[in-house]
Each structure stands twice: as structure tokens, then as C-alpha cells.
Amino acid sequence: MAAPLPSIPRALSSPHSILPSPVLLRPQSLPLHRRQTPGSAVSAAFQWNRKPQLAGETPRVVVVTSGKGGVGKTTTTANIGISLARFGFYVVAVDADAGLRNLDLLLGLENRVNYTAVEVLNGDCRLDQALVRDRRYPSLELLCISKPRSKLPLGFGAKALTWVVDALRSRPSSAPQFVLIDCPAGIDAGFITAIAPANEAVLVTTPDITALRDADRVTGLLECDGIRDIKMIVNRVRTDLIRGEDMMSVLDVQEMLGLALLGVIPEDSEVIKSTNRGYPLVLNKPPTVAGLAFEQAAWRLVEQDTMTAVMVEEEPKKKGFFSFFGG
Amino acid sequence: MTSTTKAFSFLPFQSIFPQVISIRDVKGWNLKTPQSFRLGSRWLGHTRGESRPLILVRASGDALDSSGDSERAGDGTPVEEEGNRLDLERKLGSLREMVNSLPPVVIVIKRNSGSKFAIALCVAFAFLVIATRQIMLKRKNHYQGSVADLVRRGQLRSDRRGISKPLKCDDPFHNPFIKFGKGDSRIEMFGKVYRLAPVTLTKEQQSVHQKRRSRAYQWKRPTIFLKEGDPIPPDVDPETVRWIPANHPFATTASDIDEDVAQHNVYQKHGVPFRVKAEHEALQRKLESLQSEQKLNEVALDLNNIRDFERPFKSSMKPQDLEPNSSANQQNGHLTLKSDEETGTSDSESLSDELKKY
């Protein structure tokens, strides 16, 4: 059974660490965040002993990209989006893959997508009619760019997404605090469309050389485009292979890319199961190791924090005779 | 040493206890060994009456003599057979003693009737607990009907229902499955031990990477997408042009959407969407035109019917005058009808006025 990620002891904690600062370690009975929005009802349904403190200017438009396909962008977008909604923030998740959309599958909303951004542009529906609200977490809404059979005009794509984000921002009652954009693979028209309205980026990569090279290229393009706040999530980490020196460690990855760490997600078979069920990983009870890691990454994203220590698997300590008795 | 002692050399055996053992030779019960010891075991005591197990031993050490062994080898065959037989007898005897030492099962059960009662009581209690738990679980689920499954599947909101309790969300940084090592940075999770390694990336290293990438990757965001072969507009930066191959599916997409209209559609917050409204209006116009055509057809039919009835009512006019007048009227009627048809107006009052003239 996969184990959840730990938090570091207080002795090693710092304001920008796996754990928040020691001040925040004290359990606080924060008042529930009540708004006259769909999220308020959800907030009332949850009891948190503490919540993350939102940093930065809202709405925070975050693009989740990687360059290489299959590293876990959509999984990351879905799980972080659900985590943010559970924290009580109003989130709009945008699937910017015009040809091959998948975010609706991971969220379990595939049967409810009737209108997309293309229909909004054509005038077939309004923007609020194209947003699909998750009934489990009403503060999360999904917007798909287009259906597989329809195509977004190329000259339009970047402008269209920028108008969409701007229109969401200008909504009087339910302006989102986070807009997560699931970027398609590659650095082509879809990538250009997805990064157009973003002002920060989450780069998802795996500890293999092909993904790292593509990630480095994408990082360079993002920086050329003016996006400087780029954080990294290293996905599908196998601590046993790292210990056997068959896989690059997270520190090696960071040394190659030179990016701050937002999260480290261990390899977990529950990811596939959650994809099949349409039930994001972070909702599992008891939590899985990858689900807990996603929640922690979402927490750091909210507080604009980064990791300052990573886990390295070691040989378990040999137990003596008296360990049976608790010694 | 006598030959008998030399004949029975089986085990170099030394007993811990200074006891006397009886040695039997092939001829009889003779105790002729100077060094004799006896094993006093309970096995012997039990079987004393029945058989006498024979333990043929000799003391290790001085008694052993290689020359003696060689002598025994010459005439040792009957001696060996006798020894094997004695071994078997000994083993059988010990087995019988073991069996006889165990009390019969029935006696044991009868003896331990109190513990049997306790065991039965424990089993009955366990069954009772299981049954009670099953009943409690059924009762608990009975209050939640199948609608609870809809809540669980996300079809219905749980916060509106009285059956659901607020979910308690654990802090992801404090988890009961994690055990911290005391005084060190070790963490134990589900049988695996981890060590925390601090991140070593500094701000200087980050800036070095950024400079490297800025030298390696030069890129401007494309704003214009052109098919291969199309000319570049004069006021467009060539670096912002993205060329699409002519056979690419995106190249065949016709952008027939007006940009301004599209922007307006995105920002629309209330009312009917643009295309839906436009289609509705177009449909309305079409229906109106269809209705007007239908009415005109009806009017044309009515006019024909009216002319048939027109002649009997024209009594003031001569028959000779009637014909050219009638033809003229007919022509006039036709002309008016035609003019009405051309204008597309279905004015029943004008028709009735004309009818009144005749």
C-alpha cells in the first residue's frame, strides 16, 4: 500500500518548507469562509482545523503545462482543482486541449458537457451556460475549449481564451479566485492558446531525461513570453528506484531545471483507478500517498510557497530482540 | 576386561549421573563389568513389570580397545542381530510407556468440564456480538435510502440533505499515518523509512538557469497563423507569424466568425445568445412571409368565387353595355388583383370596396 507523504519535523521547518511555519502548526479554529456564492454552501459542509492563506492577486490564472505528453498534466489539474475547491476557493478549470479533451473524464463530468467555448464564440450560448458546475463541489466549474469534432479558429485561440478569463473576472457575484488551464502537449497552437492569459505556470515533469528536456524547452518559452513565476511538480517518483540509482532523484531534476519545487508526487496505482472512476484521487478516504501529495501541492500553490526538503528512502532500521516489546 | 564387555560396545556413552546399569550378555544376566552404572529413568520404572529394556553401553575411554573390536568383528554376526532385536524391543517398550502415561480423552473431558463450559460461553458471546453488529449496521443503512447513493455519486448535493454530516477534512500536513523519528529527520510510513534531504537550489543557481534558457530559446508568441505560401501582411512582424502546412487540418478551418461579434458573445452575461436570437428572428420572418403568402392565395380563391356571383347583381346596365363593361371590370378586377398580388398586401377592405362597386 502506498504511503502518504510526510511533513518534516518542526526542527527542520521553515516558512517555505513542506510544513508551514510553526505558528501555523497550532491548531486554529478558523471561522468558516462564508460568501454569497455557490462555494459558501460547500464551505459549510466541511470542517477544517486550519486553511491555507491566499496569497497574490486574484484571479490567479495558472497554466499547467509540461511539453511532453503523458506526464500527468490533466491529473494534476483535476486533483489540484478539487483540492482548491475543498479549501473553499472558487475555481474554474479550463481544458485548453481543442482536439483531445480529457479533463472532463477525470472529474467525472463527461456526460454533462453540452456547450464549449466554441459555442460561446459562435453565439450559441452564453459563457455561464458553457460552464459545468461540479455537484460534489459547487465552487468548481469546468469549461472545455471545444468538442473533438469542432475546431477553434487558429487566429482566434489565444484571444478567445483571454476574453474568457477576462469575462470570468468581470462576473459580479462569482468571480473565480483560481483559473487553472490544462495545457495540451507540445509547443504548437494549443500551447500558445493556453499560455496566453496565464500569469503563472506549473510545470509537470517526470524524472526521466526525455521529459526533462521538453520541460526545459517549455520553461524557456514561458520565460520568453513573460511568465516568470514557474514552479515544478515532479510526478511518478519511485523512491525504490531512486534508492537503487535507477531513477534520477528529485534533487537531480531540480539541479537540471533550476526551478522551485511545488510538489513531489509518488507513483501510485490509485491514479489509474481514480481515472476510471472519474473520482479524483484527493477525495479518497483514507488518503493515498499521491492524493496527499496533491493536496500539499495545492496548499503551497495557494500560499505561493515551495518545498525546501524532499524525501529520500532509506533502509529500515533493524529491530532488536526487545523491539517486539516496544523497545 | 571380560569378553562380554568387549562384545557389547555400542555407544561411547557417559552418563552424567553415577548410576548403575545392568548389562546383559548373550548368555545371561551377568554383571561382570568393573565399571557399571545404571540408568534410573521413569521409562524403566513404568515398564518394570512388563519388560526390561536393555541399554547396552560401555564406558568411553579405557574400555575401548581396537584389538577387542577386531576380535568382535570375527564372531559378531549373531551378536549384532541380537543387538538389533534388543533395540527394537527397547523402542517398542518406550512407545508403550508413552501411550500408557497419557490419560484417556474421555477422562480428560470429564475432568475439565468447567473449561468446556467457559469455551462454549465465549463462542456464544462472539456469535451474539456478530449478530448485534449486523443488526446495527442494517438499521444504520435502513435510514439511508437509495438516494444516498446519488449523493455519493455526485448527482445530488450533500449539503442540502439532512442525512449527511459535515465532512471533516484532515490537514494534509498532519497525518496520523506518519511517524516522526525523535531528534532526527527520519520518517516512517507503512514500513518504509525516509530521510528528509534539504533542497539545495539557490537564487543564484536559478538565475543562471534563466540566463541559459534565454540564450538557448528565442521566441515570440505567434499572433498570426498563415498557410504556407500566403504573403505576410506588411504591418506584421515576421517572427510572430506561425506557418501552418497547407494540408494541416487547422489550415482548412474557415474563420467565418467576426472577431467583434465573437468578443461580444463572450462578454454577454444576460439575455439570449446571439446566434440563437438571430436564428429565432430569421425563423420568425420566414413564418410571417409564409403566412402572408397563404393569405394571398386564399384571397385569390375568394375573388374568383365572387365574380361568379357578380352578374345577377348588375341589373341597371344594358346587356350590350354589360359585356364590354364586364370585360373591362373583369380586366380591372384582374388588374387590381394583380396589383394586390404584386404588392403582397392582403387588404380585404379594398376587395370589399371593389365588390361594392358592382
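Biologist: What should I know before we start?
Modeller: This is a predicted model, in which local features need pLDDT of at least 70 and side-chain atom pairs count only at pLDDT 80 or more, while totals for chains, interfaces and linings use all residues. Residues are numbered from 1 along each chain as its sequence is written, chains are lettered from A and ligands numbered from 1 in the order in which they are written, and side-chain values use heavy atoms, with hydrogens and water left out.

Biologist: How many helices and strands does chain A have?
Modeller: Chain A has 13 helices and ten strands, where helices (H or I, at least four residues) and strands (E, at least two) are DSSP runs, numbered from the N terminus.

Biologist: And what share of chain A is buried?
Modeller: Of the 327 residues in chain A, 62% are buried, where buried means under 20% relative accessible area, exposed over 50% and partly exposed in between, using a 1.4 Å probe and protein chains only.

Biologist: Which residues of helix H11 in chain A are buried?
Modeller: In H11(A), which spans residues 250–257, they are A:Val250, A:Val253, A:Gln254 and A:Leu257. Seen down the axis, these buried residues fall within an arc of 100°, so they line one face of the helix; the arc is that of the directions from the helix axis to the C-beta atoms.

Biologist: What covers them?
Modeller: The cover includes several elements of chain A, among them helix H9 (209–224) and strand E8 (230–237), together with helix H8 (203–216) of chain B.

Biologist: How do H9(A) and H11(A) pack?
Modeller: They pack at an angle of about 35°, with their axes 10 Å apart; axes are lines fitted to C-alpha atoms, for helices over the stretch in contact, and angles run from 0 to 180 degrees between N-to-C directions. The contact (heavy atoms within 4.5 Å) is made by A:Ile209, A:Leu212, A:Ala215 and A:Asp216 of H9(A) and by A:Val253, A:Met256 and A:Leu257 of H11(A).

Biologist: Changing topic, which peptide bond is cis?
Modeller: The bond from A:Thr58 to A:Pro59 is cis, with omega near -5°, and A:Pro59 sits in the loop between strand E1 (46–48) and strand E2 (60–65) of chain A. Most peptide bonds are trans, and most residues other than glycine have a negative phi.

Biologist: What is phi of A:Glu245, then?
Modeller: Phi of A:Glu245 is near 60°, a positive value, and A:Glu245 is exposed, with a relative accessible area of 71%.
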